[in-house]
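Here's a quick briefing to read alongside the picture.

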Amino acid sequence: MAHAIVHDEPLHMGAPVPHGKLAMWIFLATEIMFFTALIGTYSILRNGQPTKDEPWPKPHDVHLIEWVGAFNTFVLICSSVSVVLAHWTLCRGNAKQAALYISVTLALGCVFLGVKAYEYNSKFQHEIIPGHVFDRVDGPRGVAYMNKVKGEVKHLLEHDALLGSRKNVPLCWPSWNSRTARAQITPVEVGALVEGPCCTRNRSFHLTPIIPYGNLWASCYFAMTGFHALHVFGGLVIFTIILVIAARGKLSHQHESLLELTGLYWHFVDVVWIFLFPFLYLV
Amino acid sequence: MSEMHTGDYVEAHGPSFKAYMVVFGALSIFTVVSFVVNDAVRHDVLSSQTGFLLILAVAIVKALLVAIYFMHLIVDWGKLYYFIFPTFILGTMFMIVLLPDIVLTWHDTNPNKVETRDDGK
């Protein structure tokens, strides 16, 4: 007779889901459109203008390391699992275990932001930030680039023991071919053009390279990863609040909904990164 | 009674612990796969177009796994499809309407393109 007992849900107006979950999904729908706009803009900038002579920067051109991005992807996947397990255990009445899983999620989120900070620091050190990348050698930026490379070569001549005998070598700026002027030029090639014999002797020189579309790349990179990192930070704030509730011993069944909605948000952040990782680091 | 409660519980709280672990393993493997495909493209084992399609497909599968299992759409899809589906249609359309601009640029084989831009400056 057990099958005869049926708990009919009370009828009410609106969608057949809790209001909080509905609100969260509506919020996520707006977020989907927001990140779609960012990725779409990136896609059109990346594929619209660059040519074979002037390609879009490859990850190594802009000091992006693929395995670091893959590591961060794995970190976010692990954090998604931990938050879903936190909800799973809380639903079974184990608040302490849930708090432990939330702590793990918080730690993994911090690791993600730490790695992101490391990457941002690398970008700042190499001046791969919007408006600072030398993406052409003609016009005013070309003159600025020439002066920068001259300064770098002069510094090398003055401080590199291997080049001690070549101090005060007059530097000359070569006549650029206008067709190849904006093409990808490696640091060694730049050095060879600016001060041939000196720079070809030691290929470990690091001179500022020309990176076609480097400023556009930097704008896209910081916009997409920056907004994503802000979302990660927002999630960490909520997890901290939940941990404070747990520390006061008040985490219980009544917080299932809060944890589920926070988890929904966190998984969405994970999904966004699942697309940002290949677009920025791989393809 | 107990069976009914268990059923209600799964209905309310989503997949099992084992399912979460299987999805976690799949996501980890797919991350490695996209990394390996990228390496194959770099070493000219795969063409860049094939590599792009494979990596994009892997990313879509990973996103679907997270949405279906971790975001509990396996349970909630029937209740939420009416606005999630239009969102994805609009998102996809947004990407598609940008394609003509990209494709027209690819077909613009005007040899004077570079000179015109430099002269314009």
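**Chain B at a glance**

Of the 121 residues that make up chain B, 21% count as buried. Keep in mind as you read that this is a predicted model.

- Chain B has five helices and zero strands.
- Reading from the N terminus, the elements of chain B go α-α-α-α-α.
- Take the contacts in chain B between residues at least 6 apart in sequence: 61% of those join residues at least 24 apart.

**Where the two chains meet**

- On one side of the meeting point are 41 residues of chain A, in contact with 40 residues of chain B.
- Which elements of chain A give two or more residues to the side that touches chain B? They are helix 1 (19–48), helix 2 (66–91) and helix 7 (256–282) of chain A.
- Sorted by class, that side of chain A has 26 nonpolar residues, 11 polar ones and four charged ones.

**Helix 6 of chain A**

- Helix 6 of chain A covers residues 214–247, which is 34 residues; at 1.5 Å a residue it should span 50 Å, and its end C-alpha atoms are 47 Å apart, so the two values agree.
- Just after helix 6 of chain A comes Gly249(A), with a positive phi of about 75 degrees.

- The average pLDDT of chain A is 82, and 78% of the residues score at least 70.
- Over residues 167–180 of chain A, pLDDT stays under 50, and the model has 18 contacts beyond four places in sequence for that stretch.

Note on methods:
Residues are numbered from 1 along each chain as its sequence is written. Chains are lettered from A and ligands numbered from 1 in the order in which they are written. This is a predicted model: local features need pLDDT of at least 70, side-chain atom pairs count only at pLDDT 80 or more; totals for chains, interfaces and linings use all residues. Helices (H or I, at least four residues) and strands (E, at least two) are DSSP runs, numbered from the N terminus. The expected span of a helix is 1.5 Å times one less than its number of residues. Two residues are in contact if their C-beta atoms, placed from the backbone, lie within 7 Å. Ala, Val, Leu, Ile, Met, Phe, Trp, Tyr, Cys and Pro count as nonpolar, Asp, Glu, Lys and Arg as charged, and the others, Gly among them, as polar. A residue is buried if 20 or more other C-beta atoms lie within 10 Å of its own, exposed if 12 or fewer, and partly exposed in between; C-beta atoms are placed from the backbone. pLDDT is the predictor's confidence in each residue, from 0 to 100.
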